[in-house]
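Dear colleague,

I am handing over the structure below, and my notes on it follow. Please read them with the model open beside you.

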Amino acid sequence: MEAAWATILTLILILVLIWAWKVLNLLWLRPKRLERLLREQGLQGNPYKLFIGDMKEFDKMRMEALSKPMNLSHDIVPRVFPYVQQSVNKHGKNSFIWFGPIPRVTITDSELIKDVLNKIYDFGKPIMNPQVRLLVSGLASYNGENWSKHRKIINPAFNLEKLKLLGPDLVLSSGLLQDAFVLS
């Protein structure tokens, strides 16, 4: 009987240790390893903070930006992404911020952006909420081969020469719409 209890306690202890290792890995070891790898690649950012990352400062700056009236200009970045703007100003154009244990990389170099957008298998899109996926379907929500197939289909429509030919039709259409609006 005592051997059975000892076996059960040993199994429970092993399961608790495995669970503790996974939690430690998720909340500390993996973020610190990712931080080290990002810094080795030349990216700068705040050091990782356990559990919250940069979320406290992110929320504080967001609430502060939303509490102020918005300027009448097209510069909406300070209102929409105040923490990202501060991070870019402080750490440079290619930097990272922490959303809990997950780093988010900010890239503003056009060549790097082109690489990220063209390497569909290396840089996946974030996982969307299922309700959002129902509302937003199409090229923005596709991944992998499905994205590649749809991009090849729509890419010729955005050829510069075709868009130039579309200009006069858009002017005519908007003029007719404006006339109908004025008459009603």
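Axes here are lines fitted to C-alpha atoms, for helices over the stretch in contact, and angles run from 0 to 180 degrees between N-to-C directions. The model is a predicted one, in which local features need pLDDT of at least 70 and side-chain atom pairs count only at pLDDT 80 or more, while totals for chains, interfaces and linings use all residues. Residues are numbered from 1 along each chain as its sequence is written, and side-chain values use heavy atoms, with hydrogens and water left out.

Helices (H or I, at least four residues) and strands (E, at least two) are DSSP runs, numbered from the N terminus; strands pair if DSSP finds at least two bridges between them, and contact means heavy atoms within 4.5 Å.

Three strands form an open sheet of mixed pairing in the order β1-β2-β3. Because β1 (44-45) and β3 (102-106) each have a single partner strand, they stand at the edges, with one side of each left without a neighbour in the sheet. The strands β1 and β2 run parallel and are joined by two bridges.

Helix α1 (residues 2-40) lies across β1, β2 and β3, at about 170° to β2. Helix α4 (residues 82-91) also packs on the sheet, where it touches β1, β2 and β3 and makes about 140° with the direction of β2.

Within strand β2 (residues 95-99) lies Ser 95, opposite which stands Gln 44.

With regards
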